[in-house]
Amino acid sequence: MRPPRPANQCQAGPLRIAILLNSYRSRFLPAIRASYQRTIGAVAPDAQLAFYEPANRPGEFPDPEYFHLIVLGGSNVDPRKRHPWILEVHDFVRRLVRDYPHKKLLGICWGHQTISSVFGGKIADAANPEMGVASVDLTSRGREFFPEAAALGSFKLQQHHRREVDVMPQGFTALAHSNQCFLSDSNTILTFQGHPEKDEETARLRLHDSTRWFGFDALSDEKAWARLLMLMSLPHDGEMVWRRVFDWVREPPTETATAAAASSALAEKGSKM
């Protein structure tokens, strides 16, 4: 990475967003890319998106200097694995925090879990895998952060995961219960277990996971299959979440915590060498 220019927040003009798609050799990558374009486009139609695939093109990472926001998206690979490309992603996150301490980083699903791991969190198999739209219950800090959801105390997102953060990372605050959403003390890293980028069309692409996760399909249990389809079709708050994310991108970092986050990332790297 090149040394950063002096820190500056988003100027007038379209947001420039780098999105890391981390699925390994997935036939769904074009559909996932299209889902980001649809859901972000509904909120920020002028946003400029660039996609990267570190799992399939090792060493392919964005230049942080150019982008306002870097998104670490989902994957079809266990984040606890030590594949070379996963370790490269870990190193990219560490370098980003160290060399670009004011840059905003968003983690979604696998990205949420991976960022948690980099900062000392622990990942575990979920007792109850989730698929379809579900409520994300906010903490008191989460109600402050998501004013549109403050009155209800929750929002709804598409979920698709069978692993979860069991121990939250250091230097982060929980915005939702059950380790569903974190914000770094530096105000530069925001993570979600759920999927603001997924709509029903994209969620249905992985219906077949119900066989491995829950032990049924459309033929073996029609009622359970119908309920799963219903969950995927429920209204959700993906647009609200994206609006809040883009407002957050323009917020300044917390300076003292930013330095602490960089030190923490370097210390965590050292402990795993």
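Visitor: By class, what residues does the lining of the second largest cavity have?

Guide: Three nonpolar, four polar and one charged. This is a predicted model, and the cavity in question has a volume of about 30 Å³.

Visitor: Which residues line that second largest cavity?

Guide: Met131, Gly132, Gln158, Gln159, His160, Lys198, Ala203 and Met232.

Visitor: And which strands each supply at least two residues of that lining?

Guide: Strand 5, residues 122-137, and strand 6, residues 154-167. Strand 6 gives the most, with three residues.

Visitor: What lines the largest cavity?

Guide: Its lining consists of Leu96, Val97, Tyr100, Pro101, Lys103, Leu105, Thr188 and Ile189. By class, six of these are nonpolar, one is polar and one is charged.

Visitor: Back to strand 6. Is Ser154 in that strand buried or exposed?

Guide: Ser154 has a relative accessible area of 13%, under the 20% cut-off, so the residue counts as buried. Ser154 belongs to strand 6.

Visitor: What is Ser154 in contact with, leaving aside neighbours within four places in sequence?

Guide: Val136, Asp137, Leu138 and Ala149.

Visitor: Changing topic: what is the average pLDDT of the protein chain?

Guide: The average is 92, and 89% of the residues score at least 70.

Visitor: Where does pLDDT stay under 50?

Guide: Over residues 2-9. For that stretch the model has 15 contacts beyond four places in sequence.

Visitor: How many helices and strands are there in the chain?

Guide: Nine helices and nine strands. The chain has 273 residues, and buried ones make up 52% of them.

Visitor: What about contacts between residues at least 6 apart in sequence: how many join residues at least 24 apart?

Guide: That share is 77% in the protein chain.

Visitor: Now helix 3. Why is it largely enclosed by the rest of the structure?

Guide: Because nine of the nine residues of helix 3, residues 110-118, are buried. Among them are Trp110, His112, Gln113 and Val118.

Visitor: What follows helix 3?

Guide: Gly120 comes after helix 3, with a positive phi near 95 degrees.

Visitor: Which residues other than glycine have a positive phi?

Guide: Ser178, at about 60 degrees, is one of them. Asn179, with phi near 55 degrees, is another non-glycine residue with a positive value.

Visitor: Where are Ser178 and Asn179?

Guide: Ser178 sits in the loop between strand 7 (172-174) and strand 8 (181-184). Asn179 is also found in the loop between strand 7 and strand 8.

Visitor: Is Ser178 buried or exposed? And Asn179, buried or exposed?

Guide: Ser178 is exposed, at a relative accessible area of 63%. Asn179, by contrast, is buried, at 18%.

Visitor: On to another loop. Where is Phe61?

Guide: Phe61 is in the loop between strand 2 (48-52) and strand 3 (69-72). The residue is buried, with a relative accessible area of 18%.

Visitor: What does Phe61 touch, not counting residues up to four places away in sequence?

Guide: Leu20, Tyr52, Pro54, Glu88, Val89 and Phe92.

Visitor: How far apart in space are Phe61 and Ala18?

Guide: Their C-alpha atoms are 8.9 Å apart, while in sequence the two residues are 43 apart.

Visitor: Last one, Ser23. Where is it placed?

Guide: Ser23 is in the loop between strand 1 (16-20) and helix 1 (29-41). Ser23 counts as buried, at 7% relative accessibility.

Visitor: Which residues does Ser23 touch, again not counting those up to four places away in sequence?

Guide: Leu29, Ile32, Ala55, Asn56, Gly74, Ser75 and Asn76. For Ser23 and Gly74, the C-alpha separation is 6.8 Å, although the two are 51 residues apart along the chain.

Methods:
Residues are numbered from 1 along each chain as its sequence is written. This is a predicted model: local features need pLDDT of at least 70, side-chain atom pairs count only at pLDDT 80 or more; totals for chains, interfaces and linings use all residues. Side-chain values use heavy atoms; hydrogens and water are left out. pLDDT is the predictor's confidence in each residue, from 0 to 100. Contact means heavy atoms within 4.5 Å. On a 1 Å grid over the protein atoms alone, a cavity is a set of points where a 1.4 Å probe fits but cannot get out, and a pocket is an open set with protein on both sides within 12 Å along at least five of seven lines; lining residues have an atom within 4 Å of a point. Ala, Val, Leu, Ile, Met, Phe, Trp, Tyr, Cys and Pro count as nonpolar, Asp, Glu, Lys and Arg as charged, and the others, Gly among them, as polar. Grid points are joined across faces, edges and corners, and a volume is the space filled by probe spheres set on the points. Helices (H or I, at least four residues) and strands (E, at least two) are DSSP runs, numbered from the N terminus. Buried means under 20% relative accessible area, exposed over 50%, partly exposed in between (1.4 Å probe, protein chains only).
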